[in-house]
Amino acid sequence: MAYEENNTSNITQALTNLFEEVLFATESPGGNKSLNVSQFLSALKERSTRHNQEIDFGTLVKLVDGWRTKLNLTKNSEPLCNYCDGNFRDLILAYNSIHGYISLIVCVFGSLANALNVAVLTRRDLAAAPINRLLKWLAVADVFVMMEYVPFAIYRYLILPGQREMPYKWAAYLLFHMHFAQIFHTASICLTLSLAVWRYIAIKYSDRSHILCTERRCSTAILSSFILPPILCIPTYMVFDIHTAVVLEPNGPMILYHVDSDEEGQLFKLNFWVHAVLIKLLPCCILTVISLWLIKEVYSANEHQKRIRVNNACANDKTKKRQCKGDKRTNRTTKMLLAVLLLFLVTELPQGILGLMSGALGRCFFKRCYDLFGELMDALALLNGAINFVLYCSMSRQFRMTFRQLMWRAQLHKWPPPIPSHSDGLHTAKTSVP
């Protein structure tokens with residue numbers, strides 16, 4: 001019942017737009033332009049009901065469209081826009097034609113990979129470290145994004161192209177998909193930023209890291225990363241909505257439902273400024289500074305290890321040898337997190353730049369360029385979330401060991417595990433991924 005009322009309301013709105021075009025063109029400069037066309041349609045429907053005749057929306061659409069043709073009117077059209085022209089446009093369009101298949105492959109692999117990340121990072125040897133808790137929830141956010149993208153990609157790229165209709169239910173799901181994906185992807189951005197800041201504090205203030213990097217603060221960072229995104233995305237809720245378009249087919253008019261932004265205005269620009277600056281570019285700038293600092297620290301650590309090897313200090317003193325191993329572990333962790341941050345910058349910075357330009361240049365640039373690169377940006381974001389498992393396996397020895405134990409747990413039970421010393425137990429309890 002609610003769907004039928006909503007459907008009638010959308011049809012009435014579509015007809016209202018057609019009537020407004022005709023009335024606007026036929027009114028004199030001093031005429032009354034405050035006519036409520038919705039009331040006119042309601043009165044027309046009530047009159048037809050009194051005569052026991054069901055209103056024929058198809059006939060009305062044809063009639064109004066005929067008036068528009070006689071008056072030589074054109075439908076609302078976008079202004080002439082020459083952004084993003086050139087040969088590369090054909091190249092992007094060629095990729096867009098196969099994006100559905102590529103995104104499905106990436107999503108299936110990424111969902112399984114991030115599920116394995118969660119399984120490994122929740123093992124007892126790894127779960128206690130705050131860095132690993134952040135990585136675990138980053139994997140959870142990526143899993144939600146990819147699992148929700150699968151039904152969207154199947155319908156949008158595999159089913160919908162063969163249909164002539166764009167039903168209201170599809171438009172409603174598309175609106176949900178847009179908000180859901182943006183919220184959880186923003187949560188992923190917040191977690192990545194928390195990861196970088198956490199590592200920076202742990203290295204920069206290593207003597208006070210046990211005070212600054214506590215379990216409670218880690219929980220606060222994780223909780224904030226999931227609370228802030230719905231608030232930051234409020235302008236998007238207000239800008240995008242379900243719109244209708246009337247298409248005249250040989251067998252009658254057809255109402256098409258689609259998701260689009262409202263007319264360009266201050267809210268439209270505010271949405272893209274918030275999305276581009278607060279959600280994309282500001283985290284990218286912070287991550288760039290932290291990444292450069294971490295690169296400097298990695299370089300300094302490598303130089304320090306070279307000097308140690310020259311002096312052969314690690315071979316004679318057990319204390320120095322243990323310290324050398326700890327330094328190598330810290331260096332591996334920093335390198336792995338640095339790879340995660342750099343991959344994030346490569347995928348998120350272009351989106352931030354496109355969003356900023358959409359806010360500055362307006363709806364014309366958004367429709368011409370942002371929509372063009374939408375599939376490519378989605379693919380980069382999905383790849384960013386899917387490849388972390390490969391990074392962990394290739395750069396973390398402890399992650400690989402824990403993963404092997406998880407996969408071959410039944411075989412490993414045949415041999416008793418080595419008895420760890422008291423110091424080793426304390427060490428592994430707070431160990432980060434490497």
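Trainee: Which residues make the nonpolar surface patch of about 800 Å²?

Mentor: Leu223, Ile227, Leu228, Ile231, Ile234, Tyr237, Met238, Leu267 and Leu270 make the patch. Two or more residues each come from α10 (215-232), α11 (234-239) and α12 (266-311). Helices are DSSP runs of H or I, at least four residues, numbered from the N terminus. The largest share, 4 residues, comes from α10. This is a predicted model, where local features need pLDDT of at least 70, side-chain atom pairs count only at pLDDT 80 or more, and totals for chains, interfaces and linings use all residues. Residues are numbered from 1 along each chain as its sequence is written, and side-chain values use heavy atoms, without hydrogens and water.

Trainee: Why is histidine 99 called buried?

Mentor: Buried means under 20% relative accessible area (1.4 Å probe, protein chains only). Histidine 99 has 0% relative accessibility, so it counts as buried. Histidine 99 lies in helix α5 (residues 99-121). Leaving aside neighbours within four places in sequence, its contacts (heavy atoms within 4.5 Å) are Tyr149, Tyr157, Glu375, Asp378 and Ala379.

Trainee: What makes tyrosine 149 and phenylalanine 152 an edge-to-face aromatic pair?

Mentor: Rings of Phe, Tyr and Trp (its six-membered ring) pair if their centres lie within 6.5 Å, and planes over 60 degrees apart count as edge-to-face, under 30 as stacked and the rest as tilted. Here the centres are 5.2 Å apart and the planes stand at 65 degrees, an edge-to-face pair. Both residues lie in helix α7 (residues 130-159), 3 residues apart, and both are buried.

Note on methods: Buried < 20%, exposed > 50% of the residue type's maximum accessible area, 1.4 Å probe, protein only. Patch = residues over 30% accessible without salt bridge, like charges linked within 9 Å, V, L, I, M, F, W, Y side chains within 5 Å. Areas by Shrake-Rupley, 256 points an atom, 1.4 Å probe, with all protein chains shown as cover. Salt bridge = Lys/Arg side-chain N within 4 Å of Asp/Glu carboxyl O.
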